[in-house]
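Thanks for coming. I have one model to go through today, so please look at the sequence and the structure on the screen first.

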Amino acid sequence: MNPKSIAWSFSLAVFLSATLPAAAQEKVHVAISNFSASYISMYIANKRGYYAEEGMVVEIILMAGLTSTRALIGNSVELGSASNPTAAVQGAKLKILMVFNDKPPGMLIAQPGIKSVAELRGKRIGGSTVGSLE
């Protein structure tokens, strides 16, 4: 091949590679209920580019538990933290894809006179938000 043909081929290759569309990246909105160690793996994966390697741009958004559940049901976010699975229990069409903890992270705290969970039957208890399991 002569130098002119090589230069022409190289120029054509550069032109074509510059005009080809970049790989499409899907934007994914993820609602989380708090900034805690429970979600550290998501931040690390995002920071290290694991999502980008899979063609995703992940935006992690802080929302209160019930708000994130409503956003998930209303398709405002694609993924949400299941800090409030009550909606799924009540029939919302949600699926659990992954679990970060092997047990609930909350604690049940009572007045000194309460010695067992059975003693709470019929009594009112408080939670993090209305309708929450926490």
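Helices here are DSSP runs of H or I with at least four residues, strands are E runs of at least two, and both are numbered from the N terminus. This is a predicted model: local features need pLDDT of at least 70, side-chain atom pairs count only at pLDDT 80 or more, and totals for chains, interfaces and linings use all residues. Residues are numbered from 1 along each chain as its sequence is written, and side-chain values use heavy atoms, with hydrogens and water left out.

Back to I114. Its relative accessibility is 22%, so I114 counts as partly exposed; buried means under 20% relative accessible area, exposed over 50%, and partly exposed in between, with a 1.4 Å probe and protein chains only. Leaving aside residues up to four places away in sequence, I114 touches E119, L120 and K123, where a contact means heavy atoms within 4.5 Å.

Now the overall layout. The protein chain has five helices and three strands, and from the N terminus the order is α-β-α-α-β-α-β-α. Of its 134 residues, 19% count as buried. Taking contacts between residues at least 6 apart in sequence, 61% join residues at least 24 apart.

Next, the sheet. The three strands form an open sheet in the order β2-β1-β3, with parallel pairing; two strands pair if DSSP finds at least two bridges between them. β2 (56–62) and β3 (79–80) are at the edges with a single partner strand each, so one side of each has no neighbour in the sheet. Strand β1 (residues 26–32) is joined to β3 by two bridges, and V30 has L79 in β3 as its bridge partner. Helix α2 (residues 40–47) lies across β1 and β2 and runs at about 145° to β2. Axes are lines fitted to C-alpha atoms, for helices over the stretch in contact, and angles run from 0 to 180 degrees between N-to-C directions.

Last item: how many salt bridges are there? The count is one, taking a salt bridge as a side-chain nitrogen of Lys or Arg within 4 Å of a carboxyl oxygen of Asp or Glu. K27 pairs with E59, and the closest N and O atoms are 3.6 Å apart. K27 is in strand β1 and E59 in strand β2, 32 residues apart, so the pair links distant parts of the chain. Both residues are partly exposed, K27 at 47% relative accessible area and E59 at 33%.
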